Amino acid sequence: MKKSTFLLAALLCGAWCATAQTTEKGHEYVDLGLPSGLKWATCNVGATTPEKYGKHFAWGETEPRTIYDGNTYKWGTATYDEEYEWWDLETLTTDDAARVNWGGQWRMPTDDEWTELRENCTWTWTNLNGKNGYEVKGANGNSIFLPAAGYRDGFDSYYAGYYGYYWSSSLRAGNPDDAWGVYFGSDDVSRSSDGRCCGRSVRPVLE
């Protein structure tokens with residue numbers, strides 16, 4: 001879809017992918033025709049429209065914070081490492097920002113599910129209502145928008161409008177100080193890991 005058509009459709013309809021949406025606990029999702037059948041939310045946690053950034057979360061926390069660092073991180077002690085060294089948020093939904101904030105069956109995507117989205121959809125860098133990000137279109141023609149919301153570290157926010165950083169629910173094997181997610185800029189979409197105390201966006205999924 002051409003960029004001009006993409007923007008015009010969003011403005012005229014006033015909603016994203018309106019014909020393909022349905023809801024769970026008041027939050028819309030889209031079927032992108034993925035092999036797993038997984039459904040992806042149309043907005044980030046903390047956002048009310050697809051282009052809004054929403055909130056940033058440290059991995060394993062369910063509320064945004066003022067400062068993102070290891071000293072104030074909820075799980076920044078050996079107790080956390082012992083609890084999570086072999087386990088992911090996939091089985092510990094009380095620490096899943098999507099489940100806690102949205103309820104129902106919403107949850108954070110796993111590392112494998114982000115890989116499925118990267119490998120089975122067409123990613124097009126574009127602009128929606130003044131916000132840069134990616135249109136992610138499935139083989140069935142349905143799409144979602146992922147805004148380039150940047151990330152949080154310390155007291156500051158970085159690269160909003162230029163890069164997106166999203167968490168998965170999966171720890172990095174062999175290095176549980178980090179967790180997996182996805183990173184993107186205008187010319188790259190990649191699997192990436194980061195220190196758990198950093199603030200990233202969360203895009204919920206639904207089975």
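User: Which residue in the hairpin of β4 and β5 takes a positive phi?

Analyst: In this predicted model, strand β4 covers residues 122–128 and strand β5 covers residues 131–137. The hairpin they form has two residues between the strands. The one with a positive phi, near 50°, is Asn 129.

User: In what sense do β4 and β5 pair, and over how many bridges?

Analyst: Two strands count as paired if there are at least two bridges between them. Strands β4 and β5 pair in the antiparallel sense, and the number of bridges is seven.

User: How far apart in space are Asp 112 and Trp 180, C-alpha to C-alpha?

Analyst: In sequence, Asp 112 and Trp 180 are 68 residues apart. In space, their C-alpha to C-alpha distance is 9.7 Å.

User: Which residues are linked with Glu 113 in a network of salt bridges?

Analyst: The side chain of Glu 113 meets that of Arg 107 in a salt bridge at 2.7 Å, N to O. Glu 113 is buried, because its relative accessible area of 14% is under 20%. Arg 107 counts as buried too, at 11% relative accessibility. The residues linked with Glu 113 in the network are Arg 107 and Glu 207.

User: In the salt bridge of Asp 178 and Arg 172, which residue counts as partly exposed?

Analyst: The side chains of Asp 178 and Arg 172 meet at 4.0 Å, N to O. At 16% relative accessibility, Asp 178 counts as buried. The other value is 32%, so the partly exposed residue is Arg 172.

User: With which residue does Arg 200 form a salt bridge?

Analyst: The structure holds eight salt bridges. In the one formed by Arg 200, the closest N and O atoms are 3.7 Å apart. Both residues of this pair are buried, and the partner of Arg 200 is Asp 194.

Technical notes
Residues numbered from 1 in each chain as written. Predicted model: local features only at pLDDT ≥ 70, side-chain atom pairs only at ≥ 80, totals over all residues. Heavy atoms only, no water. Helix = DSSP H or I, 4+ residues; strand = E, 2+ residues; numbered from the N terminus. Buried < 20%, exposed > 50% of the residue type's maximum accessible area, 1.4 Å probe, protein only.
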